[in-house]
Amino acid sequence: MEKFTVLTGAAAPLPLANVDTDKIIPARFLKTIKRSGLGVHLFDALRYDKDGKERPDFVLNQEPYRKAEILIAHENFGCGSSREHAPWALLDFGIKCVIAPDFADIFHNNCFKNGILPVRLPRAVCDQLIDDSKLGGNARVTVDLERQVVIRPNGEEIRFEIDPFRKHLLLNGLDDIGQTMQHAGALDGYEAKRQAEQPWQPTLSV
Amino acid sequence: MSASKPRTLFDKVWDAHVVERLEDGTCILFIDRHLVHEVTSPQAFEGLRMAGRKLRRPDLTIAVADHNIPTLGRAQGIKEEDSRIQVETLEKNVVEFDVPYIPILDDRQGIVHIIGPELGISLPGQTLVCGDSHTSTHGALGALAFGIGTSEVEHVMATQTLLQSPMKNMRVDVSGGLPFGTSAKDVVLAIIGKIGTAGGNGHVIEFTGDTIRGLDMAGRMTVSNMTIEAGARAGMIAPDQTTFDYVQGRDYAPKGAAWDQALAYWKSLPTDAGAVYDKSVFLTAADIAPMVTWGTNPEAVVPVTGVVPGLDGVTDEGARTQRARMLEYMGLTPGQKMTDLKVDVVFIGSCTNGRIEDLRAAAAVAKGRKVASGVRALVVPGSGLVKKQAEQEGIAQILIDSGFEWREPCCSMCLGMNPDKISAGQRCASTSNRNFEGRQGIGGRTHLVSPSMAAAAAVTGHFADVRELG
């Protein structure tokens, strides 16, 4: 996983609430056995018409947002399914940070596993950033994870909160599994205790 | 946490599974059951392979293909190449990593959230995960069950644990007898209509109250299944005699002395008197009517006697834009009566409503009636065992005689990953869980309803109040 430290880039405004995972990546594109290559299908129904041509009115089909690295949206971003294809598609497109008033829980979790930073900021602040982003090519936003600030194009700094453990993993690009495996002793102990206290717990075989 | 402090059902199950609490409060949580399917697992197995890791506990894992297999002619194999590759990949992976697997042509095959409880794989008090958001279904048994992403699937495979911060406790209480013509689906749609699609974010919802207690296990699973549509990753219902009667005797459930030990433990799980919930919501069953969604998220729901809402009273600009887009996408005009909306397709099935009780409810309405002309009606049982039982009970024949298509079990038209899809502009009465844009096919218009309401729509050709059909 890539480290997330400081990101400066174009921010694309998507002022919609309840952007669901079917909207981010429709189910018909989940028939892949790889993580890569999903960016072209990101927001498929919003981005392309029924003949597969780009809809010029959709933000990611416009300059400078074609190369957006930050997305700003409204409430409950990422609701719906658990598909990690949603953050994979965002990342494959180039988006490494999503800013919204709040996120659906599973999507929020999935972002961290892929080096994407979800930033929770109040709706009024998101709307301010959306206004900023409409300024076009000069509207570059910086997200500094170490200092926990979003820096507006005018230089104003906005602080955001983040779970310290997740911050640590993102800053260092650390793999969760490796972290957990350092606690193998505790896990062995738990399994032994479970076996002793709940010998009735069935195991599975077909 | 001191032993004397009253705890909720969620607190008890959580506490019993904490392997280690890290400095910042994140917990390493032991997972009792990991259910695996073909869509969200290939990249996880690939990750294990690349890191040279094995499954820590294949004996607590079970795999089945359910999302994109055909509902017709499956003995001849899967025609769609990308779907076939995904299933073949699962079949190779379960051999390589020694994972118990239920093959496609086995009677026990079915939707992962139907077969978990049905085979006694899911049990009260367990932690259960799957790379699918409707894993919340299994919470109906009093398990802590939630959907995870593929990275977490890999994490569970490698360590049999997850890194999690505790969720908050939310209680949704429904009281009173269910009115005639309503079912668990109407209860959960009414709940989502009340608290909204983000109402449960960050929480586990415990469903309480005599309405919930009065539901059979199938109904409880329908309610728990759609918890995720209210934003909560997990829903839970305290295990009681209804639960124990359901679990006893199932294939993988404990037997004999082990059953008695398990039962004693499960009886200790219900929420203690005086336990505190972070948030509580109360509903009265008497206020619930047969529901139909009109928009493109499940909170956009009205009673079947209602009308399509307009923009009046919606002041927030984003919310106005969203509602206007919903109306346009769904091809609706504010003020239209729901019962005036004609349907093109009816889908009965899914992990929400694909159990035998759901098919019985649909057949009770369909019996002696015919599917309206021009309507395509599809019934997809949730599992091979449900299908077999429905055939033995004569339910399948009733539905076939009425003009319904009778199919092989899988997720099917709930998300259109297999050939069962609706076309652009088609209106579908569906017993599934999501009415998102394009969910059942590009441009398709989904209305969520209960099985009896779906059958009523099929035989009348439009949304109809099932209470008037008798």
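Two residues are taken to be in contact if their C-beta atoms, placed from the backbone, lie within 7 Å. By this criterion, the contact between the chains takes 52 residues from chain A and 66 residues from chain B. The residues of the side of chain A that touches chain B divide into 22 nonpolar, 15 polar and 15 charged, where Ala, Val, Leu, Ile, Met, Phe, Trp, Tyr, Cys and Pro count as nonpolar, Asp, Glu, Lys and Arg as charged, and the others, Gly among them, as polar.

The model is predicted, and local features need pLDDT of at least 70, side-chain atom pairs count only at pLDDT 80 or more, and totals for chains, interfaces and linings use all residues. Residues are numbered from 1 along each chain as its sequence is written, while chains are lettered from A and ligands numbered from 1 in the order in which they are written.

In chain B, 60% of the 470 residues count as buried, a residue being buried if 20 or more other C-beta atoms, placed from the backbone, lie within 10 Å of its own. The C-alpha atoms of chain B fill a box of roughly 55 × 55 × 45 Å along the principal axes.

A nonpolar core is a set of buried Ala, Val, Leu, Ile, Met, Phe, Trp, Tyr and Cys residues joined through C-beta atoms within 7 Å. The largest has 149 residues, and B:Ala366 is among those with the most contacts inside it. Neighbours within four places in sequence aside, B:Ala366 is in contact with residues including B:Ile398, B:Phe404 and B:Val459. Apart from this core lies another, of 51 residues, among them A:Leu60 and A:Val141.

How values were computed: Buried ≥ 20, exposed ≤ 12 C-beta atoms within 10 Å, placed from the backbone.
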